[in-house]
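I want to look up a few ring contacts and then the overall fold.

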Amino acid sequence: MSKNHKLRPETIAAQSSRAVDPATGAVAPPLYLTTTYARDENYQPKLAENYQRNGSPNLWQVEETIAALEKGVGALAFSSGMAAVVAFCETIPQGAHVVSLSTMYYGVRSWFQQLESKGRITLTLVEPESLASAITAKTDLVWIETPVNPTWDVIDISATASAAHKVGAILAVDATCLGAVACNPLALGTDVVFHSATKYLNGHTDVLAGVLVARESNARWAEVKRLRTIMGNTLPPFESWLLLRGLRTLHLRYVQSSKNAMAIARHFSLHPKLQQVLYPGLATQSGHAIAKLQMAGGFGGMMSFLLKADFAGSQKFCTRLNLFAPATSLGGVESLAEHRKTVEGPTSALPDNLVRLSIGIENINDLIEDLEQALAQVGSVLI
Ligand SMILES: *Cc1c(COP(=O)(O)O)cnc(C)c1O
């Protein structure tokens, strides 16, 4: 474990793992773009790894920082969230049973479905309330996401970990929307935490990255690392450097996004143009009681509006916003709005009137005014 485990998370993030470069005294970390490192006069390598596909000083800095924030034994950063997911899935034994959610981040769910169609795994997808009963003696992996994208239901991590461990399965949590601030899934019994670091961890909408953090170092963890080295989807130095730069303000950004989102949720929860606001911080939300206990660091910046509008009206709402960009992704400093059914396609089970909002760190009054004026332009269709 890193010495940084003794420090509080805001300090770990602000100073990152080695704030001062021992060679030069540089306070901001130098960027090492080199792909190879020369050996010393005794032909010994100077670093733990001496080729960029295996790792780089910038990669290790960001991995140490994220491992310390998540209180894990180590972190492995990849060139995208999905690259990390695919590498992790490779460690599932042939034919093993996986339990996951029927509503969750689309890319991960559809990868599980592809693995099932190829005969690699057997798969059970359920709603959050049926998780415990779907886990059987044959289950190898339980993969959840909380809050659940894009309905923002909250799942009890401790209870799910107990159910998985009872049958010898492991629990992996997609903690992207918890931002490594809201809670520590590993402390609640999670075996592996996953983040699309493209989102809150980087926070500036300019780096694609994924990270896995382990509670214990074991054969499966070593295999993930081996796979990354072989596939070469290691997070490169410049992306690692940018991600570390983003992490330095992680707590400020997550807390401000959470405050803005809570204010928007309260302001719009009974709005005449809306059927419902979905947000973990609202008492009406499924899982709110768990959220209050589990998300002590903030309810996050993600929410969805269910409009009193049809498919076209909901798309129109997104295009009438001035500050919210009509774009996919989430967790950046700038607010975004997305009509999820358009993005997931006609097979999506999501309602036509769901618009997902990623709330940024802008002035709250500007955000509320923008949402109000766009809603005013959408004609109500009673549904
Ligand atoms: C974006 C996202 C992913 C995929 O990560 P990429 O960095 O886009 O590859 C996985 N899970 C969640 C919850 C996400 O938001």
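I started with tyrosine 254, which is buried at a relative accessible area of 1%. For burial I used under 20% relative accessible area as buried, over 50% as exposed and anything in between as partly exposed, with a 1.4 Å probe and protein chains only.

A caveat before going on: this is a predicted model, so local features need pLDDT of at least 70 and side-chain atom pairs count only at pLDDT 80 or more, while totals for chains, interfaces and linings use all residues. Residues are numbered from 1 along each chain as its sequence is written, and side-chain values use heavy atoms, leaving out hydrogens and water.

Next I checked the rings. I counted Phe, Tyr and Trp (its six-membered ring) as paired if the centres lie within 6.5 Å, with planes under 30 degrees apart as stacked, over 60 as edge-to-face and the rest as tilted. The structure has eight aromatic pairs. One of them joins phenylalanine 112 and tryptophan 143 edge-to-face, at 5.9 Å centre to centre and 75 degrees between the planes. Phenylalanine 112 sits in helix α4 (residues 106-117) and tryptophan 143 in strand β4, 31 residues apart, so I noted a link between distant parts of the chain. Helices here are DSSP runs of H or I with at least four residues, strands are runs of E with at least two, and both are numbered from the N terminus. Phenylalanine 112 is buried at 0% relative accessibility, and tryptophan 143 is also at 0%.

Back to tyrosine 254: its ring pairs edge-to-face with tyrosine 200, 5.1 Å centre to centre and 70 degrees between the planes. Tyrosine 200 is in the loop between β6 (192-196) and β7 (210-214) and tyrosine 254 in helix α9 (residues 250-268), so this pair ties together parts 54 residues apart in sequence. Tyrosine 200 is buried too, at 2%.

I also found Phe88, Phe112, Trp143 and Phe194 linked by ring pairs into a cluster.

While in strand β4 (residues 139-145), I looked at aspartate 140. What is its relative accessible area? I got 15%, which means buried. Leaving out residues up to four places away in sequence, aspartate 140 touches Ile92, Pro93, Ala96, His97, Ala169, Ile170 and Arg220, where a contact is heavy atoms within 4.5 Å.

Last, the whole chain. I counted 13 helices and eleven strands. Buried residues are 56% of the 383. Of the contacts between residues at least 6 apart in sequence, 72% join residues at least 24 apart.
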